[in-house]
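The sequence and the structure are shown first.

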Amino acid sequence: MVTEPTLREVFAATFRDRVVHHLLYNFLEPYFEPVFIAQSYACRKNKGIHQSLKDLRKYLRKTTQNNRLKAYYLHLDIRGFFMSLKKDILYRLIAKRVKNPELLWLARLIIYNNPLENFTSKGDQSLFAKLPPHKSLFHIPKNQGLPIGNLTSQFFANVYLNELDQFAKHGLKAKCYLRYVDDFLLLSRDRLKLLKWRDEIDKFLKERLGLELNRKKQIFLTVDRGVDWLGYFIKPDCILIRRRTVRNFKQKLYSFNLLLKKYPTCAVEAPSQLLLPFPEYHPPLELLQKILATVNSYFGHFSHADTYNLRKHLWENHFLKLKNYLEPKDERFTVLRIKPVYKKAWESRS
């Protein structure tokens with residue numbers, strides 16, 4: 001079970017099986033990539049979250065005519081998508097385009113595999129009781145659902161929801177439509193048109209794909225209030241970071257600083273302090289490297305938004321003891337590094 005960003009059940013295939021998943025993906029991807037729309041961003045080359053941000057900003061400027069006109073956005077989500085997906089429908093969609101019998105055999109083997117027949121349970125067992133039944137493979141009908149955590153599941157999601165993409169672009173004629181897995185956005189200056197599209201999409205999902213919208217998660221607002229999309233908060237003139245993401249990062253920095261408290265010397269500015277026995281007085285280089293990886297992961301995420309002031313504030317007010325060992329690589333605080341003087345001293349002693 002994973003808890004971030006929400007509680008989810010993950011089946012991680014063994015390494016041997018993951019090799020086969022990649023093999024199948026490499027063969028199937030050329031069949032489907034030409035028919036996928038440009039605004040489908042998950043698990044595709046040269047796509048991803050950050051490309052969707054660029055396209056969304058372009059759509060916002062286009063829809064509002066550079067922030068001069070009022071426009072609306074509709075953010076929709078499919079209820080329990082991976083657990084609701086119908087395997088028979090998925091296999092038919094693949095067989096419709098792929099005729100190679102060996103590829104179809106392998107695709108069928110992976111699609112209809114039941115991970116409940118052979119698994120090892122790991123992690124906090126108490127979390128399983130907290131997961132709603134409709135979000136677990138243990139409680140869904142036969143021939144339904146895919147395990148979250150496999151490359152093939154991500155690719156199969158694109159194959160399955162390409163039907164929705166085609167309906168939105170060609171059936172509804174929606175010019176401003178974006179999708180990332182089962183999250184999708186529609187923009188328009190016509191409020192009533194968006195509501196009509198929502199109802200038509202709901203009907204299409206039920207009749208053609210055996211899915212339904214999660215009405216509790218839909219967001220329908222004017223774009224000037226900002227669009228909450230894939231960890232960012234996008235306005236026509238700027239991109240911001242979700243408050244929850246910033247709060248989580250601050251909590252991690254707090255825990256890292258607590259961890260450093262057990263080392264009596266937390267400064268390496270003075271050359272004399274470098275002469276102290278490192279195992280006793282300084283955190284191991286491996287620990288700092290792990291901390292640095294987490295910190296730079298967040299800073300990398302922040303760098304795709306307008307967050308210079310945020311990064312500077314975090315460095316000046318929340319790094320505390322970490323500042324004894326880490327430093328910014330540049331004045332923009334885009335990435336951090338371990339201080340060369342500390343790294344060199346540790347490496348010379350080891």
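The sections below go from the whole chain to its sheet, its cores and some single helices and residues.

## Basis of the report

The model is predicted, so that local features need pLDDT of at least 70 and side-chain atom pairs count only at pLDDT 80 or more, while totals for chains, interfaces and linings use all residues. Residues are numbered from 1 along each chain as its sequence is written, and side-chain values use heavy atoms, with hydrogens and water left out.

## Overall architecture

The protein contains 12 helices and nine strands. These elements are DSSP runs numbered from the N terminus, with helices (H or I) of at least four residues and strands (E) of at least two. The C-alpha trace spans about 75 × 55 × 40 Å along its principal axes.

Of the 350 residues, 45% count as buried. Buried means under 20% relative accessible area, exposed means over 50%, and partly exposed lies in between, with a 1.4 Å probe and protein chains only.

## The four-stranded sheet

Four strands form an open, antiparallel sheet in the order β2-β3-β1-β4; two strands pair if DSSP finds at least two bridges between them. At the edges are β2 (177-180) and β4 (219-222), each of which pairs on one side only. From one strand to the next, the twist averages 15°. Strand β1 (residues 72-77) is joined to the antiparallel β4 by four bridges, and Y72 has T222 in β4 as its bridge partner.

Helix α6 packs on the sheet, where it touches β2 and β3 (183-188), and its direction makes about 170° with that of β2. Helix α7 (residues 191-209) lies across β1, β3 and β4 and runs at about 150° to β3. For these angles, axes are lines fitted to C-alpha atoms, for helices over the stretch in contact, and the values run from 0 to 180 degrees between N-to-C directions.

In soluble globular proteins, nonpolar side chains tend to be buried together. A nonpolar core is here a set of buried Ala, Val, Leu, Ile, Met, Phe, Trp, Tyr and Cys residues joined through side-chain atoms within 4.5 Å. The largest such core has 54 residues, and F156 and Y160 have the most contacts inside it. At least two residues each come from α1, β1, α3 (81-84), α4, α5, α6, β3 and α7. Helix α6 gives the most, with eight residues.

Leaving aside neighbours within four places in sequence, Y160 is in contact with F81, L85, K86, I89, L90, L93, L209 and L211. A second, separate core of 45 residues includes L178, Y232, F249 and W315.

## Helix α5

In helix α5 (residues 101-111), the buried residues are L103, L104, L106, A107, I110 and I111. Seen down the helix axis, they fall within an arc of 165°, so they line one face of α5; the arc is that of the directions from the helix axis to the C-beta atoms. Their cover includes α1 (15-32), α4 (87-97) and α6 (151-171). On the other side of α5, P101, E102 and W105 are exposed. At the start of α5, a side-chain oxygen of N100 reaches to within 2.9 Å of the backbone nitrogen of E102.

## Helix α11 and its surroundings

Helix α11 (residues 308-318) has R311, L314 and W315 as its buried residues. They cover an arc of only 95° around the axis, which puts them on the same side of α11. These residues pack against α8, α10 (285-302), β8 (326-328) and β9 (336-338). After α11 comes L320, whose phi is positive, near 50°.

N257 is found in helix α8 (residues 243-260) and is buried, with a relative accessible area of 7%. Beyond its neighbours within four places in sequence, N257 is in contact with H318, F319, L320, K321 and L322.

Y298 belongs to helix α10 and counts as buried at 16% relative accessibility. Apart from neighbours within four places in sequence, Y298 is in contact with T245, N248, F249 and K252. Y298 and F249 are 49 residues apart in sequence and 7.2 Å apart in space, C-alpha to C-alpha.

Technical notes: Contact means heavy atoms within 4.5 Å. A polar contact is a pair of N or O atoms within 3.5 Å; within protein, one must be able to donate a hydrogen and the other to accept it, and residues adjacent in sequence count only if both atoms are side-chain atoms.
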